[in-house]
Amino acid sequence: MSKPRIFLCARIPESAEAYLGGRSRLDIYKGKDNIRRAELIRVVRNAEGLIPTVTEPVTGEIMDAAPDLRVIANYGVGYNNIDVDAATERGLPVTNTPGVLTDTTADLAFALILAAGRRIAEGDRFVRSGKWKGWQPTQMLGQDIHGKTLGILGMGQIGRAVTRRAHGFGMKILYNDPRRLPAGEERKLGARYSSFASLLKRSDIVTIHTLLTAETRHLIGTAELRMMKPTAILVNAARGPIVDERALTVALRAGRIQAAGLDVFEEEPFVDSALRKLENVVLLPHLGSASLETRTAMGMLAAKNCLAALSGKKPPNLVNPEVWKNRRKAAKT
Ligand code: DGY
C-alpha cells in the first residue's frame, strides 16, 4: 500500500517530523515566514492529510483546493483557525492536540502572572538600559502574588493546571465557566464558582483559559475592565480576540487596571504600537506551549491523529465526531 501524502504547514521538532516522514510522503513548508493563503491553496492540491498550525486559517476554500483531502489534523489544542463547520459539511474529520500542552501552557500563564505582578520584564529592560543606579526601598514596587485571589475564566484542563500551581502560592481561587463543576470536584480542586461579574470584581488577578468562540470574542472589553480592581492584573494565554485589545490598551494607559500579561493578540503577529509602548504590560510571542518536549509531543499527537484517519481508523482527538458517525452510517447502507 502506498504511503499517504501529508502536507505539514510549518517545521516542527525533528523527531516528530521524522516520525511523520517515515510513515507518509511528507511535504513540509520550510519558508521563513508563515505560509500565505495563495501558497497553501497551491501546495495543498495533492494532500490527503493536512497539518496546519494556529497561523493558517483553514477555510472551505482551502478544503476545496484539495480534492484528495481526508483529514485536517491541527497542530494545537485551539482550533479556531479551522472552519470546522465547513469541514463537517465536506465530511472531513478535524483533530486537535489536547492534554499534551496543558502543564506547559499553565506554566507560561503563571510566568505571566509573576512577570506582570513583579514587573520582571520591565526590570530586565531597566538593567539592560544601564539606567539602574542602585537599590532603593521604593524602586519598581510591584505587588505580591502569594495569598491573592485568582479568578480563572474557563476551568478546562489548563484552568485546572493553573489552579494547582496557584495553591502553591497560597492563593484563593474563583472560577467561572459555562459548565459549573460538580461540588465534589470543586472541593478537590479547591476552587469556588463565581458569577462572571463577581469574579471580575473580586479577583486580584484574572487569567483567561477559554476557547475562542463567538461567545468568548471580546469577553473582556471596556465594561469588564471597569469592573476589575484598579490594582488588578489581567493575563491572557488563550486566544487574542477574547480580549478587546484597544480597550485594554486604554485601561492600562489610564491605570484603570494595574498590569497585564499577554501571550496572544487579536491579529498575530501584529501588536499595536500603543500597546508596545506601555511599561505595565508583558508581551510574549504566543509561547504558551513552546517547550521542546511539548512541541514534540504536539507533533507526535498531530501525526498520530492524521495517520489514524488516513488509515481509516477513528482518530483519537476528533473535534467533529459527527463526521465519523455519518461515515459509519453511510458504510452500513
Ligand atoms: C494551542 O495549542 O492552542 C497553542 O496556542 C498553539 O496553537
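## Strand pairing

In strand E8, Arg192 is the bridge partner of Leu174. Strand E7 (residues 172-176) pairs with E8 in the parallel sense over two bridges; pairing requires at least two DSSP bridges between two strands. The model is predicted: local features need pLDDT of at least 70 and side-chain atom pairs pLDDT 80 or more, while totals for chains, interfaces and linings use all residues. Residues are numbered from 1 along each chain as its sequence is written, and side-chain values use heavy atoms, without hydrogens and water.

The open sheet consists of seven strands with parallel pairing, in the order E8-E7-E6-E9-E10-E11-E12. Strands E8 (192-193) and E12 (281-283) stand at the edges with a single partner strand each, so one side of each has no neighbour in the sheet. Helices (H or I, at least four residues) and strands (E, at least two) are DSSP runs, numbered from the N terminus.

## Helices across the sheet

Helix H5 (residues 102-118) lies across strands E6 (149-153), E9 (205-208), E10 (233-236), E11 (259-262) and E12, and runs at about 150 degrees to E10. Helix H11 (residues 245-253) lies across E10, E11 and E12, at about 145 degrees to E11. Axes are lines fitted to C-alpha atoms, for helices over the stretch in contact, and angles run from 0 to 180 degrees between N-to-C directions.

## Nonpolar cores

A nonpolar core is a set of buried Ala, Val, Leu, Ile, Met, Phe, Trp, Tyr and Cys residues joined through side-chain atoms within 4.5 Å, where buried means under 20% relative accessible area (1.4 Å probe, protein chains only). The largest such core has 47 residues, and those with the most contacts inside it include Leu150, Met171 and Ile173. H5 gives the most to this core, with eight residues. Domain 1 and domain 2 each supply at least three residues to this core.

Beyond its neighbours within four places in sequence, Met171 is in contact (heavy atoms within 4.5 Å) with residues including Phe110, Leu150 and Ile205. Another core, of 28 residues, lies apart from the largest one; Leu174 and Leu262 are among its members.

## Domain arrangement

The protein is divided into domain 1 (5-99 + 292-332) and domain 2 (102-283), with bounds from an automatic or database domain assignment. Their centres, taken over C-alpha atoms, are 32 Å apart.

Six residues of domain 1 are in contact with six residues of domain 2. The two domains bury about 600 Å² between them, 49% of it on carbon and sulfur atoms; buried area is the accessible area (1.4 Å probe) that two parts lose on being put together, summed over both. In domain 1, Asn80, Gly99 and Thr294 lose the most area to domain 2, together 57% of what that side buries.

Technical notes. Buried < 20%, exposed > 50% of the residue type's maximum accessible area, 1.4 Å probe, protein only.
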